[in-house]
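Please open the model in a viewer and keep the selection tool at hand.

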Amino acid sequence: MPDKWVYVTRNIPQPGLAKLAEQFNIETYQSDEAIPHDVLVSAMKGKRYDALLCMLTDQIDEEVLDAAGPQLKIVATMSVGYEHINLQECGKRNILVANTPGVSTDSVAELTATLLLMTARRVTEGVEAVKKGEWGPWKPMWLCGTELTGRVLGIYGLGRIGFNVGRRLKPFGFSKIYYTDVHEVSYAKDIDAEFVDFDGLIEKCDFICVCCNLTPQTRHMFNAEVFKRMKKGAILINTGRGGVIDHEALTEALRNGDITGAGLDVTEPEPLPPTHPLVSLPNCVILPHMGSNTWDSRNAMAEIAAKNCIAAISDQTPEGIVAA
């Protein structure tokens, strides 16, 4: 029997559990829902765990770390984001922090392309029309959307996901692809993407895909003033972070026709309440943050998070380490 213990804050795919079982005794919060914070604190007090495998929805703060005790070696999050973990406190306590970078790149890029097409071609409105019995004889101007061919694509954040979004969308025949990032990147040439500043991005592009992280610099980067400067026919897609867009300003921009449409897989807050005005707008397609929702991606995330836990107790460097 292993002499190490790991606590897992949610039900996770079997490949992750199987990998953990090689080196750990496992205790799991047996639910598909997020563990309440007080339950997590109590669980940490109940046993001296060597590793904590958590989710993006779990706040790993000073209270949790105090409860966990000094033997905790790692907080391994089954996510790319790690904003929910107090990195400073982990650093003080010599607790490693690791994420699962890269595993959801393809799934999020595919979903971004899907959301762009759904929004541009008004797919959701078409599905609802069929369900409601509104599909009648052919009408020449009913549910007309926007073609991609000959348009200008913009990508805000050309990291792994942004690049793969561009790679997937390039064959649709955009006349130009622009990107904005903190600096120019050499691999942009592989998709014939040209670097522009943010002003150039919002003024030149017909479609803009937000693929960046949320930072103090990117928070509410898309606001009322920006929407006024975008093309009237522009469509904005966000699969990055919800807080990059000012949702109140987006609501007004869509209502007033400052831009044509928006597709969101991330919102602020999450979940977005069904009473939020964006939900009822026909020109706004909202998905429930499902960018990484493929079995391929989730199995890989669970397995990498488990491997990170094993690395920490084996005096090895975990993959995707973000703090030590």
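Select Lys-139 and Trp-142: the lysine lies over the face of the tryptophan, at 4.7 Å from the ring centre. A charge sits over a ring if NZ of Lys or CZ of Arg is within 6 Å of the ring centre and within 35 degrees of the ring normal. Next, select Lys-47 and Trp-5, where Lys-47 lies over the ring face at 4.4 Å from the centre.

The model is predicted: local features need pLDDT of at least 70 and side-chain atom pairs count only at pLDDT 80 or more, whereas totals for chains, interfaces and linings use all residues. Residues are numbered from 1 along each chain as its sequence is written, and side-chain values use heavy atoms, with hydrogens and water left out.

Turn now to the aromatic pairs, of which there are seven. Rings of Phe, Tyr and Trp (its six-membered ring) pair if their centres lie within 6.5 Å; planes under 30 degrees apart count as stacked, over 60 as edge-to-face and the rest as tilted. Select Tyr-156 and Phe-198: the ring centres are 5.4 Å apart and the planes stand at 55°, so this pair is tilted. Tyr-156 belongs to strand E6 (residues 152-156) and Phe-198 to helix H8 (residues 198-204), so the pair ties together parts that are 42 residues apart in sequence. Helices (H or I, at least four residues) and strands (E, at least two) are DSSP runs, numbered from the N terminus.

Phe-222 lies in the loop between strand E9 (207-210) and helix H9 (224-229), 66 residues from Tyr-156. Are Tyr-156 and Phe-222 buried or exposed? Both are buried, where buried means under 20% relative accessible area, exposed over 50% and partly exposed in between (1.4 Å probe, protein chains only). Phe-198, at 12% relative accessibility, also counts as buried.

Move to strand E10 (residues 235-238). Ile-235 and Ile-237 on one side, and Leu-236 and Asn-238 on the other, are all buried, which leaves both faces covered. In a regular strand the side chains alternate between the two faces of the sheet. E10 runs parallel to E9, joined by four bridges; strands pair if DSSP finds at least two bridges between them. To view one of these contacts, select Phe-207, whose bridge partner in E10 is Ile-235.
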